[in-house]
Amino acid sequence: MASAAEQLAANLNFGVLAKATDLKKRIWFTLWALVVYRLGTWIPMPGVDPHVLGDLFKQSGGGMLGMFDMLAGGALHRMTIFALNIMPYISASIILQLMTTVVPSLEAVKKEGEAGRKKINQYTRYLTVVIAVMQAYGIAVGLESMTSTRGSAVMMESHMLFRFSTVVTLTGGTLFLMWLGEQITARGIGQGTSLIIMAGIVAELPAAISNTLELGRTGALPVLVIIGILIMSVAVIAFIVFMERAQRRIIVQYPKRQVGNKMFGGESSHLPLKVNTSGVIPPIFASSILLMPVTIAQFSAAGGPEWLTTFTALMGRGQPLYIALYLGLIVFFSFFYTAVVFNPVDTAENLKKYGGFVPGIRPGKNTSDYLDYVLTRLTVVGAAYLSALSILPELLISKFSVPFYFGGTSLLIVVSVTMDTVAQVQSHLLAHQYEGLIKKSRLRGRR
């Protein structure tokens, strides 16, 4: 028989939204915050000729540079104040998470609970400033050496003034997005950083569809190929939803115990382990690691040494070196982030504390070893799934010159973030229904 919570969830509908005042405020706050973000992606950075930069971007906008522009919502090829997007913050988060597993003092801070989490967040903000300054300075130096085919320079100011204004503008834009993402997480709906990235992808999607249809109109792309790509996109979305919901349920049994003349316990539950425990984190982390070196190399290749030109060519779309590095980072972060979010030892100890056990497995170390074994096998499948989705854009670009937005990575981010946001909305609606039932029961009790 279904529990009360399951019955409420089954009868849940969005008609309750009209009565959920707090939820409506959260949704409106999130929407307005994303509008502010999109407006910022059109504010140009001072001292840059956007026309010259646009021409140069069309010549070298493939590979990781194209992915960077996708994650930045088109802010890179327009070189706006949000050109760095929120990637320095993600890079800082990666570094801090890696350091908490290596540095004992940081690991001790992490175990302090809420106070430790606040300290780690503060360290992440400081490190974001350092990374943003370094990346902004690298972009400024790269832009100085860029000229168009007609000899026009991208930079319109003196070198020192241009470098200073670029560092201040791009760093300030990144810090504002970091603050905006934290505000969305605290006062809105969904995870702020993921929603900002998703908003950039969705905003550029109409232009990508228009460009693809234009290729079909001019005959550069066969109509059958376009139809096949659209069908494949729907199939990829269905596959992503299936994989993101896929779970391995481990049965957990609780023994019976007698209290007085009554028997308690003896129930069985399950421990759900997702196939893709790491979610969208590995592709985003892998992209953020590769983005800046490749971007600066592509900006500076024209006037730089020969080895820089060779490196840029090897890291182009569909090149083996780029694909190997990208896949290697995705696999690494799949295992790393899974180890961060799920600890088999702690889970086994909690089960033992409350009397739960996996049938056929002894409590304690044997249970933790079994959970680690199952989780490792699931992570292998999850890493292969993420790797296949991430390679799909490269095949489409190298074979058919399809925009990045039809690739698996962008679809993965959009679908996963949408599913998580809808789940949060449903949980708020469920909590609102519970509050209504509690109020009604209190009124009936008074009568």
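# Reading a predicted protein model

Modeller: The protein has 17 helices and 4 strands. Helices (H or I, at least four residues) and strands (E, at least two) are DSSP runs, numbered from the N terminus. This is a predicted model, in which local features need pLDDT of at least 70, side-chain atom pairs count only at pLDDT 80 or more, and totals for chains, interfaces and linings use all residues. Residues are numbered from 1 along each chain as its sequence is written, and side-chain values use heavy atoms, with hydrogens and water left out.

Colleague: How many residues does the protein have, and what percentage count as buried?

Modeller: Start with the cut-offs. Buried means under 20% relative accessible area, exposed means over 50%, and partly exposed lies in between (1.4 Å probe, protein chains only). Here the protein has 447 residues, and 45% of them count as buried.

Colleague: What does the accessible surface of the protein come to?

Modeller: Accessible areas come from the Shrake-Rupley method with a 1.4 Å probe; for residues, only the protein chains shown count as cover. The total is about 23,100 Å². Carbon and sulfur atoms hold 64% of it.

Colleague: Which residues have the most contacts inside the largest nonpolar core?

Modeller: The general idea first. In soluble globular proteins, nonpolar side chains tend to be buried together. A nonpolar core is a set of buried Ala, Val, Leu, Ile, Met, Phe, Trp, Tyr and Cys residues joined through side-chain atoms within 4.5 Å. The largest one here has 78 residues, and Met 79, Ile 90, Ile 197 and Ile 240 have the most contacts inside it. Helix 16 (residues 365–400) gives the most to this core, with 9 residues. Apart from this core lies another, of 5 residues, among them Ala 20, Leu 23, Ile 189 and Leu 429.

Colleague: Which residues does Ile 197 touch?

Modeller: Contact means heavy atoms within 4.5 Å. Leave out residues up to four places away in sequence, and Ile 197 touches Leu 71, Asn 85, Ile 86, Met 87, Ile 90, Ile 284 and Ile 413. Now take the whole protein. Among contacts between residues at least 6 apart in sequence, 75% join residues at least 24 apart.

Colleague: Is Ser 390 buried or exposed?

Modeller: Ser 390 sits in helix 16. Its relative accessible area is 1%, so Ser 390 is buried. Beyond four places along the sequence, Ser 390 touches Pro 283, Tyr 326, Ile 330 and Thr 409. A polar atom of its side chain lies 2.8 Å from the backbone oxygen of Leu 386.

Colleague: Where is Ala 72 found?

Modeller: Ala 72 is in the loop between helix 4 (63–71) and helix 5. With 0% relative accessibility, Ala 72 counts as buried. Tyr 37, Thr 41, Ala 83 and Asn 85 touch it, not counting residues up to four places away in sequence. Its C-alpha atom is 7.0 Å from that of Leu 84, which is 12 residues apart from Ala 72 along the chain.

Colleague: Which residues form a nonpolar patch on the surface?

Modeller: Patches are made of residues with over 30% relative accessible area and no salt bridge; like charges are joined within 9 Å, and nonpolar side chains (Val, Leu, Ile, Met, Phe, Trp, Tyr) within 5 Å. Here Trp 28, Leu 31, Trp 32, Val 35 and Leu 39 form the patch. Together they have about 580 Å² of accessible area. Leu 31 lies in helix 2 (residues 21–40). Leu 31 is partly exposed, at 43% relative accessible area.

Colleague: How many salt bridges does a search of the whole structure find?

Modeller: Side chains of opposite charge can pair when their charged atoms come close. A salt bridge is a side-chain nitrogen of Lys or Arg within 4 Å of a carboxyl oxygen of Asp or Glu. The search finds 8. One joins Asp 22 and Arg 26, whose closest N and O atoms are 3.4 Å apart. Both lie in helix 2, 4 residues apart, about one turn of the helix. Another joins Glu 114 and Arg 117, with the closest N and O atoms 2.4 Å apart. These two are 3 residues apart in helix 8, so about one helical turn separates them.

Colleague: What ties together parts that are 126 residues apart in sequence?

Modeller: Arg 78 and Glu 204 form a salt bridge (3.7 Å, N to O). Arg 78 lies in helix 5 (residues 75–78) and Glu 204 in helix 10 (residues 192–218), so this pair does the tying. Both residues are buried. Arg 38, Arg 78 and Glu 204 are linked in a network of salt bridges.

Note on methods: A polar contact is a pair of N or O atoms within 3.5 Å; within protein, one must be able to donate a hydrogen and the other to accept it, and residues adjacent in sequence count only if both atoms are side-chain atoms.
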